[in-house]
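Hello,

Here is the structure we talked about handing over. Please have a look at it first; my notes follow below.

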Protein chains: 2
Amino acid sequence: MNIARKLVALERQALDGWVKGNPDHDLATYDPAVTLFQTPFATRLDGLPAVRESYERYRGMPVCDGYEIVDPKVQASGDIAVLTFHFECRNGSDPSRYFATQVWQQKKEGWKVIHTHWSKVRTQ
Amino acid sequence: MNIARKLVALERQALDGWVKGNPDHDLATYDPAVTLFQTPFATRLDGLPAVRESYERYRGMPVCDGYEIVDPKVQASGDIAVLTFHFECRNGSDPSRYFATQVWQQKKEGWKVIHTHWSKVRTQ
């Protein structure tokens, strides 16, 4: 399996839980030293404990009725793979689109996310 | 000079031009295969020609009266360095803050940005 296919499969496992309000699969992909940029946080979150605490607010809150990972692309070098894609969230009459950057690193325990940056697509 | 200090210095050279409406220094930091996520673009821009064309709309348009790179952090492995920081743009009575992700790769011609993702900080 090439890297892009493998990492997209890992993303799907994480997002299948996330969109239904279960952050545990997403948290399991994160490296202990992960850094995160994401609305609604006012600053970068540094490290898994900070991310885990912040994600508790989402537990039990479904986000999307369904989703698509669109146009995934991997830029890889050494043990680092930068995965980028468009995330399309179906949510009744209010669909939304996000830019997603996931920087993965191959560790002895498998691929882990060391940096994640999601932002809502806004054309103005 | 450590990597973080070197990359922040390169960012400052690029941003000193950018905030005054000159994208050339910023474009000079980009790898030919750069990928970019940024408002107001509706999709990821792939490759330097697409980015260069899109940046022309900003030429001659000053963005900030001044700026700060706040809390820069580097996560490095092999020839890749993920630089993240908060970008604070002073603009009269309307300051703005951005999350900035810059993935740099050390090439034979020096450090180049292979992926860039900027998003406005929104706490709701």
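**Contact between the chains**

Between chain B and chain A, 24 residue pairs are in polar contact, both residues of each pair being at pLDDT 80 or more. Please keep in mind that this is a predicted model.

On the side of chain B that touches chain A, the elements giving two or more residues are strand 1 (30-37), strand 3, strand 4, strand 5 and strand 6 of chain B. Strand 5 of chain B gives the most, with 6 residues.

The rule finds 2 salt bridges across this interface. Arg44(B) forms a salt bridge with Asp71(A), with the closest N and O atoms 3.2 Å apart.

Chain B and chain A each put 37 residues into the contact, and the area buried between them is about 2900 Å², 55% of it from carbon and sulfur atoms. Of the area that chain B buries against chain A, 21% comes from Arg44(B), Phe99(B) and Arg122(B), more than from any other three residues.

The same surface serves both copies, since 100% of the contact residues of chain B recur in chain A.

**Helix 1 of chain B**

At the start of this helix, a side-chain oxygen of Asn2(B) comes to within 3.3 Å of the backbone nitrogen of Ala4(B). Buried residues in the helix include Leu7(B), Glu11(B) and Trp18(B). Among the elements covering the buried residues are helix 2 (24-28) and helix 3 (48-55) of chain B.

Regards

Note on methods: Residues are numbered from 1 along each chain as its sequence is written. Chains are lettered from A and ligands numbered from 1 in the order in which they are written. This is a predicted model: local features need pLDDT of at least 70, side-chain atom pairs count only at pLDDT 80 or more; totals for chains, interfaces and linings use all residues. Side-chain values use heavy atoms; hydrogens and water are left out. Buried means under 20% relative accessible area, exposed over 50%, partly exposed in between (1.4 Å probe, protein chains only). Helices (H or I, at least four residues) and strands (E, at least two) are DSSP runs, numbered from the N terminus. Contact means heavy atoms within 4.5 Å. A polar contact is a pair of N or O atoms within 3.5 Å; within protein, one must be able to donate a hydrogen and the other to accept it, and residues adjacent in sequence count only if both atoms are side-chain atoms. Buried area is the accessible area (1.4 Å probe) that two parts lose on being put together, summed over both. A salt bridge is a side-chain nitrogen of Lys or Arg within 4 Å of a carboxyl oxygen of Asp or Glu.
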